[in-house]
Amino acid sequence: MSRVPLIAGNWKMNGLVADGTALAAGVAAKRKGQPDLACDVLICPPAPLLAAVIAAVAGSGVAVGGQDCHAKVSGAHTGDTSPALLKDLGCSYVILGHSERRGDHGETDAQVKAKAACAHGAGLIAIVCIGETLAQRDDGQTIAVNKSQLRGSLPEGANAANTVIAYEPVWAIGTGRVATPEQAQEVHAAIRAELVELIGETEADKMRILYGGSMKPENAAQLIALPDVDGGLIGGAALKVEDFWAIARNCG
Ligand code: PEP
């Protein structure tokens with residue numbers, strides 16, 4: 001099965017209007033300059049920057065996504081963003097269940113699942129993030145934790161067209177400590193095996209599983225080349241056009 005890799009930039013809570021727009025325009029220019037690049041490219045800015053970023057990448061083929069959404073279509077939820085609004089703005093993806101949301105906001109698998117279901121209803125592709133802490137890895141719980149998070153976070157109707165999984169070991173996010181290719185492949189293969197149980201072999205085979213955690217130009221090639229790694233969710237290195245593009249270029 002050949003899956004089209006996805007290179008996704010998670011800007012987190014970084015950027016103001018001018019530098020965020022310039023970063024988006026820089027990525028768009030790279031994408032336009034390399035039309036035959038064999039991967040999908042996505043950037044996920046902070047919510048207030050979405051409209052400016054969507055305008056900056058218009059016509060380039062670069063997709064834009066949110067970093068979170070609510071589990072309801074609309075209503076009295078001060079400070080939240082509905083998936084319908086993300087879609088209406090021009091987003092095609094939304095990151096859900098990032099470990100920083102799970103940590104900072106106490107998000108549970110059940111909440112991630114509800115958000116993903118609502119995102120699907122709005123026509124968004126949900127990037128569902130899972131990953132173990134260092135304590136869980138040291139305790140030999142890595143595979144069990146990831147399988148359990150996957151099971152708890154995937155909504156009914158999840159398929160390869162509406163869902164991407166991001167395996168992000170918490171100990172590797174923003175730490176400069178990257179999973180070895182062996183560690184990454186072991187978990188990605190286990191996630192795919194669990195997907196077979198959850199959504200069947202055909203969809204599991206087609207579903208993209210991204211690696212996230214200190215992916216940089218120096219380590220991206222060997223990670224992206226792994227059989228069950230279908231691209232990356234990139235934080236720090238997505239904040240510089242040259243670094244982000246050096247990673248994307250590994251997709252051929
Ligand atoms: C992330 O934010 O999802 C991430 C992987 O961050 P970093 O690349 O900085 O580790």
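## Strand E8

In this predicted model, strand E8 (residues 231-234) is covered on both faces. Gly 231 and Leu 233 lie on one side, Gly 232 and Ile 234 on the other, and all are buried (under 20% relative accessible area, with exposed meaning over 50% and partly exposed in between; 1.4 Å probe, protein chains only). Strands (E, at least two residues) and helices (H or I, at least four) are DSSP runs numbered from the N terminus.

## Partners of E8

E8 pairs in the parallel sense with strand E1 (residues 6-10) over four bridges; pairing requires that DSSP find at least two bridges between two strands. Gly 231 of E8 is the bridge partner of Leu 6.

Strand E7 (residues 209-212) is also parallel to E8, with two bridges between them. Here Gly 212 has Leu 233 as its bridge partner in E8, and Tyr 211 stands opposite Gly 232.

## Strand E7 and the crossover

Ile 209 and Tyr 211 point one way from E7, whereas Leu 210 and Gly 212 point the other way; all are buried. Strand E6 (residues 163-167) runs parallel to E7 and is joined to it by three bridges. Within this pairing, Ile 209 in E7 is the bridge partner of Ile 165.

E7, helix H10 (residues 217-224) and E8 form a right-handed β-α-β unit, right-handed meaning that, with the strands pointing away from the viewer, the path from the first strand over the helix to the second runs clockwise.

## Basis of the values

Residues are numbered from 1 along each chain as its sequence is written, and side-chain values use heavy atoms, leaving out hydrogens and water. Local features need pLDDT of at least 70 and side-chain atom pairs count only at pLDDT 80 or more, while totals for chains, interfaces and linings use all residues.
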